[in-house]
Amino acid sequence: MKCIRCSHETYQSTTTEAIELDGGILVIRNIPCYKCEICDEIQFTGDVVKKLEQIISYAKQHLQELSVVNFATAA
């Protein structure tokens with residue numbers, strides 16, 4: 001896969017994202033992604049984006065002030 005920012009090669013990795021929601025902060029760990037070797041741009045596949053949307057939707061309903069989830073077990 002090529003980087004959308006600089007067109008260099010990407011490699012499979014994982015990342016952590018912190019998302020600010022109305023009721024608090026959601027931290028999602030171990031999200032599968034592609035990272036650029038040169039500029040560190042992060043890209044997600046469509047399947048991962050769909051699962052992230054589901055996790056965020058669920059969190060909005062059940063969120064505490066701070067919630068930390070593992071992508072693999074939450075998806």
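Trainee: Which side chain meets that of R5 in a salt bridge?

Mentor: A salt bridge is a side-chain nitrogen of Lys or Arg within 4 Å of a carboxyl oxygen of Asp or Glu. Here the partner of R5 is E41, with 2.7 Å from N to O. R5 lies in the segment before β1, and E41 in the loop between β2 (24–36) and β3 (42–43), so the pair ties together parts that are 36 residues apart in sequence.

Before we go on, note that this is a predicted model, in which local features need pLDDT of at least 70 and side-chain atom pairs count only at pLDDT 80 or more, while totals for chains, interfaces and linings use all residues. Residues are numbered from 1 along each chain as its sequence is written, and side-chain values use heavy atoms, with hydrogens and water left out.

Trainee: Are R5 and E41 buried or exposed?

Mentor: Buried means under 20% relative accessible area, exposed means over 50%, and partly exposed is in between, using a 1.4 Å probe and protein chains only. By that reading R5 is exposed, at 57%, whereas E41 is buried, at 17%.

Trainee: How many salt bridges does a search of the whole structure find?

Mentor: The search finds two. Besides the pair of R5 and E41, there is a salt bridge between K2 and E9, whose closest N and O atoms are 2.8 Å apart. E9 counts as partly exposed, with a relative accessibility of 36%.

Trainee: In what order do the elements of the protein chain run?

Mentor: Helices (H or I, at least four residues) and strands (E, at least two) are DSSP runs, numbered from the N terminus. In this chain there are two helices and four strands, and from the N terminus on they follow the order β-β-β-α-β-α.

Trainee: Which residues is T16 in contact with, leaving aside its neighbours within four places in sequence?

Mentor: Contact means heavy atoms within 4.5 Å. T16, which belongs to strand β1 (residues 10–21), is in contact with V27, I28, R29 and N30 once those neighbours are set aside. T16 is also partly exposed, at 46% relative accessible area.

Trainee: And what can be said of the protein chain as a whole?

Mentor: Of its 75 residues, 28% count as buried, and the C-alpha trace spans about 40 × 20 × 15 Å along its principal axes. Among contacts with a separation of 6 or more, 52% come from residues 24 or more positions apart.
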